[in-house]
Amino acid sequence: MKKKILVTGGTGYIGSHTVVELQNAGYDVVIVDNLSNSNTEVLDGIEKISGIRPVFAELDCNDKTGLKKLLEANPGIKGIIHFAASKAVGESVKIPLQYYRNNIVTLLNLLELMPEAGIEGIVFSSSCTVYGQPDILPVTEDAPVKLALSPYGNTKQINEEIIRDTIYAGAPFKSIILRYFNPIGAHPSAEIGELPNGVPQNLVPFLTQTAMGIRPELSVFGDDYDTPDGSCIRDYINVVDLAKAHVIAMDRMLNNQTEEKLEIFNLGTGRGVSVLELIGAFEKGTRVKVPYKIVGRREGDIEKVWANPEHANKVLGWTAKESVEDTLVTAWNWQLKLRERGIQ
């Protein structure tokens with residue numbers, strides 16, 4: 001019998017790619033999403049790729065009563081992958097209370113409901129923002145968690161602490177926290193990808209929309225950082241590579257392979273790429289020019305960060321395989337597919 005997994009935020013960017021990989025690995029999937037930054041057409045893409053249409057419930061995870069009813073209507077869920085959250089650094093500085101409500105209350109509801117539903121483990125979608133501006137690069141899991149530079153980053157830190165305290169208090173489940181670096185790209189089929197509602201908050205969809213002519217130009221926030229070209233440096237990871245790590249983490253928990261009840265892994269490539277380098281890699285891979293301008297720094301941005309992924313490589317047996325250049329081509333192919341469908 002297939003094991004059943006609940007994926008919160010499963011019609012979102014990373015969530016949808018993870019649903020595909022879970023289904024390809026033989027799991028049954030139940031998606032819960034409030035569609036605040038996605039739409040139900042994503043389900044069509046998931047079905048085209050995997051041949052399976054997952055169970056879907058439109059629901060806000062802040063609604064504890066609704067979540068309880070969902071779990072009762074879908075008995076036998078063994079694990080949760082929790083993506084549902086607001087995720088834009090800049091936006092979080094402007095509307096912090098919304099971020100604290102969306103990102104913290106949702107986790108509290110899930111953790112409180114897990115024991116009575118018999119759920120054995122939760123994979124939590126965390127972020128390298130918990131490291132702030134690290135003292136040493138590349139960043140290992142042992143690096144200190146620093147004072148957050150944005151409400152978004154703070155919600156990830158708080159959620160990690162909530163999970164840690166809950167596990168320490170003897171909760172009857174396990175957790176694996178995955179600290180992402182910067183997911184980009186789309187599924188190679190171009191059936192699913194990053195499609196935020198409204199103006200994109202993330203770099204690559206804004207870049208591809210600019211290359212398509214939807215946006216007049218791309219803003220590069222700062223060229224006076226202490227980096228080789230003055231722009232911020234990040235570790236950009238292919239979204240399908242990232243999705244596969246979630247399947248491995250879930251397998252690890254449900255097959256009792258974890259060394260502790262709580263484990264933490266960095267997910268990145270180990271390579272830092274600047275914003276200006278990323279634009280250059282896109283133009284090289286697609287042969288499409290991207291108009292951009294340098295503007296002032298953006299509040300909450302970290303100067304430079306990239307991962308030391310050795311722990312995940314060794315313990316999980318997971319490695320990021322796709323190059324930044326090839327990944328940007330998948331993002332462009334997704335943008336071209338959206339144009340064919342008359343979207344944007």
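Q: Which helices each supply at least two residues of the lining of the second largest pocket?
A: The model is predicted, with local features needing pLDDT of at least 70, side-chain atom pairs pLDDT 80 or more, and totals for chains, interfaces and linings using all residues. Residues are numbered from 1 along each chain, and side-chain values use heavy atoms, without hydrogens or water. A pocket is an open set of points on a 1 Å grid over the protein atoms alone where a 1.4 Å probe fits, with protein on both sides within 12 Å along at least five of seven lines; lining residues have an atom within 4 Å of a point. With helices (DSSP H or I, at least four residues) and strands (E, at least two) numbered from the N terminus, the contributors are α8 (239-254) and α11 (324-340).

Q: Which residues lie nearest the centre of this second largest pocket?
A: The lining comprises 15 residues, and its largest share, 4 residues, comes from α8. Nearest the centre lie V240, D241, K244, K321 and E322.

Q: Which residues does M250 touch?
A: M250 is among the core members that touch the most others. Counting heavy atoms within 4.5 Å as contact and leaving out residues up to four places away in sequence, M250 touches I5, Y27, G79, I80, I81 and V123.

Terms used: A nonpolar core is a set of buried Ala, Val, Leu, Ile, Met, Phe, Trp, Tyr and Cys residues joined through side-chain atoms within 4.5 Å. Buried means under 20% relative accessible area, exposed over 50%, partly exposed in between (1.4 Å probe, protein chains only).
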